Every structure is written in structure tokens, then in C-alpha cells.
Amino acid sequence: MAGGGSVARSEGRKYQGGVTAFVVIACLVAAMGGLMFGYDIGISGGVTSMDSFLRQFFPHVYKKQHGNDDHKENMYCKFDDHLLTLFTSSLYLAALIASFFASATTRRYGRKASMLFGGLVFLAGAVLNGAAVNVAMLIIGRLMLGVGVGFANQSVPVYLSEMAPANLRGALNIGFQMAITIGILAANLINYGTSKIKPGWGWRISLGLAAAPAILFTVGSLFLPDTPNSILERGNHEKAKKMLQRIRGTSNVDEEFQDLVDASTAAKQVEHPWKNFTGRKYRPQLVICTFIPFFQQLTGINVIMFYAPVLFKTLGFGDDASLMSAVITGVVNVVATMVSVYSVDKLGRKALFLEGGVQMIICQVVVAAMIGRGFGTEGEAGDMSKAFAWSWGPLGWLVPSEVCPLEIRSAGQATNVSVNMFFTFVIGQFFLSMLCHMKFGLFLFFGGFVIIMTIFIYYFVPETKNVPIEDMNQVWKEHGFWSKYVSSDNVTTSPP
Ligand code: BGC
């Protein structure tokens with residue numbers, strides 16, 4: 001069997017040193033990058049369901065919704081408007097393009113430089129959006145937010161995976177997803193409050209408050225140290241070793257440092273990370289960094305995240321109930337993420353992927369059946385986001401950030417971000433049309449994808465829990481399917 005159940009040897013080597021308060025605080029601060037992304041995901045669906053916002057910027061959609069009876073639209077098609085969806089999804093196109101620039105910045109100037117830049121551009125976008133007086137200002141603001149998200153999502157997961165000790169890498173990395181879910185929930189709550197502001201400028205607060213996570217993240221990044229891996233990659237041996245000693249809380253870091261040095265020596269031989277990344281030697285990483293984000297989006301999660309309020313309205317819920325149901329889904333999302341923080345380094349990545357996959361397949365079928373029969377979907381939306389929150393949500397950011405060797409890590413992460421953003425864009429842009437045409441069958445379509453991705457995980461994704469990041473090649477070597485791509489000469493190991 002092609003590596004299916006094979007759990008590699010690979011509770012990798014154990015280094016000296018442990019978890020320090022310093023590393024935990026640094027990771028918590030960096031993870032705040034996820035707040036910006038999450039806030040954004042949560043805010044746009046609610047804002048686009050507010051009448052005052054629609055009246056001001058998208059009057060034709062407003063009219064369509066409130067049209068007189070003889071002009072009543074099919075309920076599945078009420079919100080199907082390309083300009084409106086472009087408001088939601090333009091951000092992801094900008095993030096996609098930005099992630100390639102972020103890749104070069106992260107490699108050449110360090111992870112911290114990308115984080116700072118991302119925070120600042122996001123802040124500018126939030127100000128523009130809050131002050132918007134026309135659609136152009138709205139869209140340009142969204143594009144700037146997207147650049148911020150592209151830079152943050154490219155650098156933060158890599159930062160977390162490099163700082164964390166191997167045995168806690170999963171939990172610390174999932175701080176990023178935790179921040180995403182907190183951002184989504186905060187946005188849902190804010191929308192719930194601002195939609196009640198009578199004169200109808202509540203949407204300005206919703207959009208402008210995106211500045212809050214941006215300020216937290218930007219100021220936080222100013223105080224963060226860069227990772228030892230990145231310091232070494234940029235040639236400062238002494239400083240890198242001191243940083244490693246500081247984050248591990250011991251002066252005895254020789255073995256781990258040697259692995260970092262080996263990785264950095266290998267990285268220096270690579271002039272064109274992109275050219276290398278597409279070579280046979282890195283095929284497993286290329287496949288993982290492309291398929292994981294693709295599949296993450298094809299779970300259909302963002303249908304719930306972006307459009308829950310709109311979807312609930314489509315199904316006949318009132319404004320208040322629609323926004324409230326988004327809040328409930330948001331709470332479930334945060335709480336369920338804790339399950340994965342707790343279990344990812346114990347049970348491993350694969351067990352969570354597989355369990356979450358099976359649960360999501362069931363949810364999609366139930367949602368399709370319920371919508372088909374004209375009932376509400378609140379409960380199922382909650383179950384779906386719960387299963388996603390402890391599986392594909394966090395693991396979609398963790399696994400691609402930890403499987404690449406240093407020389408292609410930035411390129412691998414840029415691939416992950418750009419594929420993720422591309423399909424987030426596709427779902428954001430076309431979901432309402434797809435719903436209009438495929439109706440409840442759309443959920444069966446997503447369910448079909450979850451079956452495929454669960455099989456993919458079983459056969460092609462190795463277990464990476466507890467394996468030191470610069471020792472990861474060993475995992476491919478021991479994998480039933482991927483071993484033929486990875487010859488022993490490119491397995492980085494330190495001398496005995
Ligand atoms: C995904 C987002 C999604 C969010 C939901 C993230 O991991 O990348 O697309 O909206 O999880 O919590």
C-alpha cells in the first residue's frame with residue numbers, strides 16, 4: 001500500500017532544551033497575524049447582508065432583494081451579483097499575487113520584515129475601507145487588505161514552525177488558526193452590533209475596525225526576533241546560535257544548531273528556489289503545498305464563513321437571526337480549534353485529517369438534504385465548521401509550513417498561500433452563482449471533494465508530528481510512495 005497507513009519512523013531526533021516562555025510569547029505575538037485574515041473573512045459576509053451598505057454601494061442588489069412580488073427572484077439567486085461578490089473576493093486575488101513578493105522578502109530580509117510590511121499595508125486598507133464613499137475606494141481598500149494578508153500568511157506559519165520546538169510545533173503553529181477563528185468571531189459579533197445602528201453607517205465601523213488587528217500585529221512584529229533559521233540563512237552564524245539558545249533555554253543546542261547549519265548550507269547552493277521547487281527531488285513538497293490548500297478550500301468551508309448570513313437570509317431567516325447564526329458558528333469554530341491545539345502533537349496530523357474528513361462528508365450530505373427539503377441549516381453549519389476547525393483548518397496551514405526544507409520553504413509557503421487564496425477567490429466569486437444554478441446539489445459537490453481529499457491524505461501525506469523541521473527529509477525517505485523521489489543524498493542529517 002502506497003504509504004497509506006505508514007507512520008514514518010519518525011518521531012525524529014530529540015534535541016536538548018525545552019519550551020521557554022520567550023518562545024511561547026513570540027509565537028503568540030506572531031500568531032496575531034491570523035487575526036487580520038480572520039477579521040476579514042468574517043466581516044464581509046455580514047456587511048454585504050446589511051441593507052444600508054447595499055443601498056449605498058450596490059443599489060441594484062438592494063432593489064433585487066426588495067423587488068415587488070411579480071419580480072421575485074428564485075430564492076437561490078437573490079444575491080447572485082458579480083460586483084457584490086467581487087467586493088468579497090478581490091482581497092484574495094491581491095493576496096495571491098502578494099504572496100510571491102512576500103516569498104522573496106521573507107527569504108532575503110527575514111520573516112519579521114514580511115510581517116511588518118503586511119501589518120502596515122493592511123492598516124492602510126482598513127482606513128480606506130472605513131472612509132469609503134464609492135465602490136472604487138471599497139475595492140482598492142480590499143486590495144490593500146489582501147496584500148497585508150498575503151504577506152502575513154506567507155510569513156507567520158513559517159515563523160511559528162521554525163521557532164517552535166519539534167514536540168510542540170503543531171500546537172504553537174495552530175496559534176495562527178486560533179487567531180483566524182478569533183478574528184472571524186470578533187467580526188461576526190461586531191457586525192451583529194453595528195447592523196443595529198439606525199442611521200445606517202454601522203458598516204463603516206465594521207470595515208474600519210479591521211485597523212485594530214492590524215495595529216496589534218504591526219506593533220507586536222516590531223518587538224519580535226527573527227527565527228534562528230532565517231538569521232542563519234542570511235549569514236549571521238553567531239547571532240543565530242544565540243537566538244537558538246535563547247528560545248530553547250539552554251546553551252547546549254549544538255545538535256539542533258548543526259541541523260540548522262546543514263540546512264542553511266544546502267539552501268545556499270540553491271540559487272533559484274522556484275526552479276528547484278518544481279524539480280523531481282522536491283515533488284512531495286510541491287504536491288503537498290499545492291493540494292492541501294486546494295482541498296482545504298474545496299471543503300466548502302468559506303461558503304459558511306463568507307455567506308452564512310446571506311445563506312440564512314436566502315432560506316428565509318430574518319436579518320437578526322441570520323447574523324446571530326453566524327455568531328454561533330463563529331463560537332463553535334473557536335472552541336473546536338482548541339481540540340486540535342491539544343491533540344495535534346499527540347494524535348498526530350493524519351488522525352485529525354481523517355476524522356475531520358469523515359465528519360465533513362456526513363455534514364455536506366445532511367446540509368444538501370436539508371436545503372433540498374427547504375429546512376434551515378444552522379445545526380449542520382455548526383457541525384461542519386466544528387469538523388473543519390480541528391482538521392483541515394489548522395492543518396491546512398501547519399502541514400505545508402513544516403514539510404519543506406529551508407531552501408524551498410519560502411517558495412513552498414508562497415505556493416500554499418497563493419493556491420489557497422486562488423480557490424478562496426473562486427469560492428467567494430462564484431459560490432452565489434453556483435448556488436443559483438446547482439441549488440442544494442452544490443453541497444454534494446463539496447462532499448465529493450471531501451471524499452477525494454480524505455483518500456489523498458491516507459495515501460500521500462506522511463505523519464510529521466514531533467519530527468524536527470530541519471530533519472524532515474527523513475520522513476519522505478521512509479514513505480511508501482514518496483521514497484522513490486527522495487534519494488538518500490538529499491536527506492539532511494547531522495554527523496553522529
Ligand atoms: C481557512 C479559511 C477559513 C478559516 C475558517 C482557515 O484555515 O484558510 O479559508 O475561512 O480557516 O476558520
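These legends describe several close-up views of one predicted model. Residues are numbered from 1 along each chain as its sequence is written, and side-chain values use heavy atoms, with hydrogens and water left out. Because the model is predicted, local features need pLDDT of at least 70 and side-chain atom pairs count only at pLDDT 80 or more, while totals for chains, interfaces and linings use all residues.

**View 1. Helices H6 and H7 cross at roughly 155°.**
Helix H6 covers residues 111-130, and helix H7 covers residues 135-163. Helices are DSSP runs (H or I, at least four residues), numbered from the N terminus, as are strands (E, at least two). The axes of H6 and H7 come within 7 Å. Axes are lines fitted to C-alpha atoms, for helices over the stretch in contact, and angles run from 0 to 180 degrees between N-to-C directions. H6 and H7 are therefore roughly antiparallel to each other. Angles under 35 degrees count as roughly parallel, over 145 as roughly antiparallel, 65 to 115 as roughly perpendicular, and the rest as oblique. The crossing of H6 and H7 is left-handed. That term applies if the near helix is turned anticlockwise from the far one by less than a right angle; clockwise gives right-handed. The contact of H6 with H7 has 18 nonpolar, seven polar and three charged residues. In this classing, Ala, Val, Leu, Ile, Met, Phe, Trp, Tyr, Cys and Pro count as nonpolar, Asp, Glu, Lys and Arg as charged, and the others, Gly among them, as polar.

**View 2. Helix H21 packs with H20 and with H7.**
Helix H20 spans residues 392-403. H20 and H21 pack at an angle of about 155°, and their axes are 8 Å apart. H20 and H21 are therefore roughly antiparallel to each other. H20 passes H21 in a right-handed crossing. H7 packs with H21 at about 135°, with axes 9 Å apart. That makes H7 oblique to H21. The crossing of H7 with H21 is right-handed.

**View 3. Alanine 411 of H21 lies 5.9 Å from serine 103, C-alpha to C-alpha.**
In sequence, alanine 411 and serine 103 are 308 residues apart. Alanine 411 is buried, with a relative accessible area of 2%. Buried means under 20% relative accessible area, exposed over 50%, and partly exposed in between (1.4 Å probe, protein chains only).

**View 4. Phenylalanine 294 and phenylalanine 423 form an edge-to-face pair.**
The count for the model comes to 30 aromatic pairs. Rings of Phe, Tyr and Trp (its six-membered ring) pair if their centres lie within 6.5 Å; planes under 30 degrees apart count as stacked, over 60 as edge-to-face and the rest as tilted. For phenylalanine 294 and phenylalanine 423, the centres are 4.8 Å apart, with 75° between the planes. The pair links distant parts of the chain, 129 residues apart. Phenylalanine 294 is in helix H15 (residues 283-298), and phenylalanine 423 is in helix H21 (residues 406-438). Phenylalanine 294 is buried, at 18% relative accessible area.

**View 5. Two arginines sit over aromatic rings.**
The charged end of arginine 246 is over the ring of phenylalanine 22, 4.0 Å from its centre. Arginine 280 lies over the face of tyrosine 485, at 4.4 Å from the ring centre. A charge sits over a ring if NZ of Lys or CZ of Arg is within 6 Å of the ring centre and within 35 degrees of the ring normal.

**View 6. Helix H17 holds leucine 323 and tyrosine 342.**
H17 runs over residues 319-343. Leucine 323 is buried, with a relative accessible area of 5%. Its C-alpha atom is 9.7 Å from that of methionine 50, 273 residues apart along the chain. Tyrosine 342 is exposed, with a relative accessible area of 60%. Tyrosine 342 and glycine 170 are 172 residues apart in sequence, but 9.1 Å apart in space, C-alpha to C-alpha.

**View 7. Isoleucine 304 is in helix H16, residues 301-314.**
Isoleucine 304 is buried, with a relative accessible area of 12%. The C-alpha atoms of isoleucine 304 and threonine 329 are separated by 8.5 Å. These two residues are 25 residues apart along the chain.

**View 8. Asparagine 466 has a positive phi of about 65°.**
Asparagine 466 is not a glycine. It is found in the loop between helix H22 (441-460) and helix H23 (473-477). Asparagine 466 is buried, with a relative accessible area of 15%.
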